[in-house]
Amino acid sequence: MTAATQALATYNVPVRRFLRALILLHRTFRSLPAGPRMHVLVRFLTCPFLAIADRVPSGASVLDLGAGHGIFARLAGDRGASRVVAVEPDLRKALPPIPMDRVSFVAGYDDCLRGAFDVVVIVDVLYKIPREEWDALLTRIAARVKPGGLLLLKEHDPTARIKHGWNRLQEWLNSRFLGITLGTAFSYERPIAIRARLEQHGFGDVEAKRIDFGYPHPHILYVARRV
């Protein structure tokens, strides 16, 4: 295999995965009205869900908090998670249009269930919660992660000033005029502060990695292991 052929093959792998995910999401949500369907599409195109799903071990049990319509839950189930529990308080989103393989939905907040999971995933939720409530939430989340399990926390990096400014404007429009997401808080912390918080709540080996290349928002993924 020549270097050019090898490079092309390497490039085509994520393209195939991306197209597979698009087809999967289309089949899952095609019965929704046009507005929610467009929201699902734009959400997938502007958030690196596949990069987050890559960090879920095959066969893991997954808790997806603030799951929205279930985009990540659907992708995690397709990628090999043994089961995914998607928790979402917004009833407009917590009632999926069709059953999803390996995915069950619960309408409510994080304190509505018990038990521990191999992986807990929180994608773009923390910033919608007032910062003074973060520690109590992280204490509850730590109890949902099995010892040695993973927390995958995807947020926005406020140190990326241009992308962060665009994100703030978009979220303000969504909350004030479109009513797409619950919550009105805009709570952000620098990566070093979030890493310290996670360590204080029983997580170690905390990794913070920007995953925003090619995206309009400053996505950052925190991967932390429960001690």
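Visitor: Which residues are linked with Arg17 in a network of salt bridges?

Guide: Let's start with the general idea: side chains of opposite charge can pair when their charged atoms come close. Here a salt bridge is a side-chain nitrogen of Lys or Arg within 4 Å of a carboxyl oxygen of Asp or Glu. In this predicted model, the network joins Arg17, Asp54 and Arg79. One of its pairs is arginine 17 with aspartate 54, where the closest N and O atoms are 3.0 Å apart. That pair links distant parts of the chain, 37 residues apart: arginine 17 is in helix 1, and aspartate 54 is in the loop between helix 3 (49-53) and strand 1. Helices (H or I, at least four residues) and strands (E, at least two) are DSSP runs, numbered from the N terminus.

Visitor: How should I read the numbers and the model itself?

Guide: Residues are numbered from 1 along each chain as its sequence is written. The model is predicted, so local features need pLDDT of at least 70 and side-chain atom pairs count only at pLDDT 80 or more, while totals for chains, interfaces and linings use all residues; side-chain values use heavy atoms, with hydrogens and water left out.

Visitor: Are arginine 17 and aspartate 54 buried, exposed or partly exposed?

Guide: Buried means under 20% relative accessible area, exposed over 50%, and partly exposed in between (1.4 Å probe, protein chains only). Arginine 17 is partly exposed because its relative accessibility is 22%, and aspartate 54 is partly exposed at 40%.

Visitor: How many salt bridges does a search of the whole structure find?

Guide: The search finds 13. Among them is aspartate 90 with arginine 92, whose closest N and O atoms are 2.6 Å apart. Aspartate 90 counts as buried at 7% relative accessibility, whereas arginine 92 is exposed at 54%. Another is lysine 146 with aspartate 118, at 3.5 Å between the closest N and O atoms. Lysine 146 sits in strand 5 and aspartate 118 in strand 4, so this pair ties together parts that are 28 residues apart in sequence. Lysine 146 is partly exposed at 34%, and aspartate 118 is partly exposed at 28%.

Visitor: Now for the inside. Which residues have the most contacts inside the largest nonpolar core?

Guide: A nonpolar core is a set of buried Ala, Val, Leu, Ile, Met, Phe, Trp, Tyr and Cys residues joined through side-chain atoms within 4.5 Å. The largest one has 35 residues, and Phe72 and Leu75 have the most contacts inside it. Helix 4 (residues 71-79) gives the most to this core, with 5 residues. A second, separate core of 26 residues includes Val125, Trp134, Val145 and Leu151.

Visitor: What does leucine 75 touch, leaving aside its neighbours within four places in sequence?

Guide: Contact means heavy atoms within 4.5 Å. With those neighbours left aside, leucine 75 is in contact with Ala21, Leu24, Leu25, Phe44, Phe49 and Leu50.

Visitor: How do I read the buried side of a helix?

Guide: An α-helix has 3.6 residues a turn, so residues three or four places apart point the same way. In helix 6 (residues 134-144), the buried residues are Trp134, Leu137, Leu138, Ile141, Ala142 and Arg144. They are on the same side of helix 6 because they cover an arc of only 150° around the axis; the arc is that of the directions from the helix axis to the C-beta atoms. Their cover includes strand 4 (117-123), strand 5 (145-156) and helix 8 (191-200).

Visitor: Which residues form the nonpolar patch on the surface?

Guide: Patches are made of residues with over 30% relative accessible area and no salt bridge; like charges are joined within 9 Å, and nonpolar side chains (Val, Leu, Ile, Met, Phe, Trp, Tyr) within 5 Å. This patch is formed by Val15, Phe18, Leu19, Met38, Leu41, Val42 and Leu45, with about 540 Å² of accessible area together. Accessible areas come from the Shrake-Rupley method with a 1.4 Å probe; for residues, only the protein chains shown count as cover. Helix 1 (3-29) and helix 2 (34-46) are the elements that give two or more residues to the patch, and helix 2 gives the most, with 4 residues. Phenylalanine 18 lies in helix 1 and counts as partly exposed at 31% relative accessibility.
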